[in-house]
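The report that follows is written for a reader who meets this structure for the first time. It turns to charged pairs and then to nonpolar cores.

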Amino acid sequence: MATLAPTVAVIGGGQLARMMAEPAAALGIPLRLLAEAEGVSAAQVVPDHLVGDYTDLDTLRRVTEGCAAVTFDHEHVPTDHLHALEQVLPVHPGPDALVHAQDKAVMRARLAELGVPCPRNAVVASVAEAEAFGLPCVLKTTRGGYDGKGVWFVSTPEECEAVFATAAEQGRTILAEERVDFRRELSALVARSPSGQLAVWPVVASTQRDGICHEVVAPAPDLDPELAVEAQRAAIRIAGELGVTGVLAVELFETHDGRILVNELAMRPHNTGHWTQDGSVTSQFENHLRAVLDLPLGAPDARERWTVMVNILGGARETGRLYDGYPHAMARDPRLRVHLYGKELRPGRKVGHVNAYGDDLEDCLERARHAAAWFAGDLGEESE
């Protein structure tokens, strides 16, 4: 009988874990999954899975027993549990690194120590403190927010009052940040192994819709080469200083006066890196697994001049099957790459994405946007 490769435990059953399964299968690396419920996205493609609560330490111990390492689909596992797991097996990224993605106040304080440029910010405990910080501003929960959740753009004391009332009900701490007048949002993606090897992908431009990543262009068009290098160096430094293992996404604001400011950190494969599945030599998902097992990292070079990723969000097509979009999309664009997550349709929910690549940016944009809209049911009965 052939000797199996080391098993990697993955906590969380969302689409990121699902997309780790493909390179894991190609590399012959078994995955064991902790899923939130039967039939969630990753549980559909990872046979070795346990359904349970990621906030329960005994459950975490059961799913990681006998594994070579554990990694994550999300950043919400309690820090104390991660420290307990770390006594038994490698945890990647480790709790001392991951807390900077779990807690925005901790992240801001550490980046300030490192001299990394960020928006002006402060923890605020009342409407008066928010007013003293300066309105208008952005209020964020320090923990638990994602995809626009736990983020409020406030301009008046009355709007602040509603936020603090919600925070009090949920026991949340609030961080105030300045509203940055930015030209666009960028993302610098790196992978780092425990031995310190790095893979750095091209800096990309992203656009958001209702707080959710909608579209990514790789590389970021018309980005000053010096600013691109500065963004990559910032990501490399943050990964090294925080001791990150695996993929780190550094979301950035590019200001109108030519600066970059760190907006968010994610220590896992990230939506702004989905283009790498088809547009780079080694995807973020493969390099994340390689890093977790301290294998040599793969080349992050782009395969084509341009790659465009557009998310498929639940929209007009609230019933039926996303699968029904394949005949039109595939016939219209044989080079299109489609990735569906096996999720039920709900308005605004990420249910998949498409990648289009080539040497003409406008063509790539049109192809990816058309396909994403078609799958979402936003183009009516168009038949071209």
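## Charged pairs and nonpolar cores

Arg110 is partly exposed, with a relative accessible area of 23%, where buried means under 20% relative accessible area, exposed over 50% and partly exposed in between (1.4 Å probe, protein chains only). The model is predicted, so local features need pLDDT of at least 70 and side-chain atom pairs count only at pLDDT 80 or more, while totals for chains, interfaces and linings use all residues. Residues are numbered from 1 along each chain as its sequence is written, and side-chain values use heavy atoms, with hydrogens and water left out.

Arg110 takes part in a salt bridge with Glu241, a salt bridge being a side-chain nitrogen of Lys or Arg within 4 Å of a carboxyl oxygen of Asp or Glu. This pair links distant parts of the chain, with Arg110 in helix α5 and Glu241 in helix α8 (residues 225–242), 131 residues apart; helices (H or I, at least four residues) and strands (E, at least two) are DSSP runs, numbered from the N terminus. Glu241 is likewise partly exposed, at a relative accessible area of 40%.

The structure holds 20 salt bridges, and three of them are set out here with the distance between their closest N and O atoms.

| Salt bridge | N to O distance |
|---|---|
| Arg108 and Glu177 | 2.9 Å |
| Arg110 and Glu241 | 3.9 Å |
| Lys140 and Glu177 | 3.0 Å |

Lys140 counts as buried at 5% relative accessibility, and Glu177 counts as buried at 2%. Salt bridges that share partners join Arg108, Lys140, Glu177 and Glu264 into one network, and Arg108 is buried too.

Which residues touch the most other members of the largest nonpolar core? In this core of 45 residues they are Ile238, Leu248 and Val262, a nonpolar core being a set of buried Ala, Val, Leu, Ile, Met, Phe, Trp, Tyr and Cys residues joined through side-chain atoms within 4.5 Å. Helix α8 gives the largest share of this core, 7 residues. Leaving aside neighbours within four places in sequence, Val262 is in contact (heavy atoms within 4.5 Å) with residues including Arg108, Leu111, Ile238 and Leu252. In soluble globular proteins, nonpolar side chains tend to be buried together.
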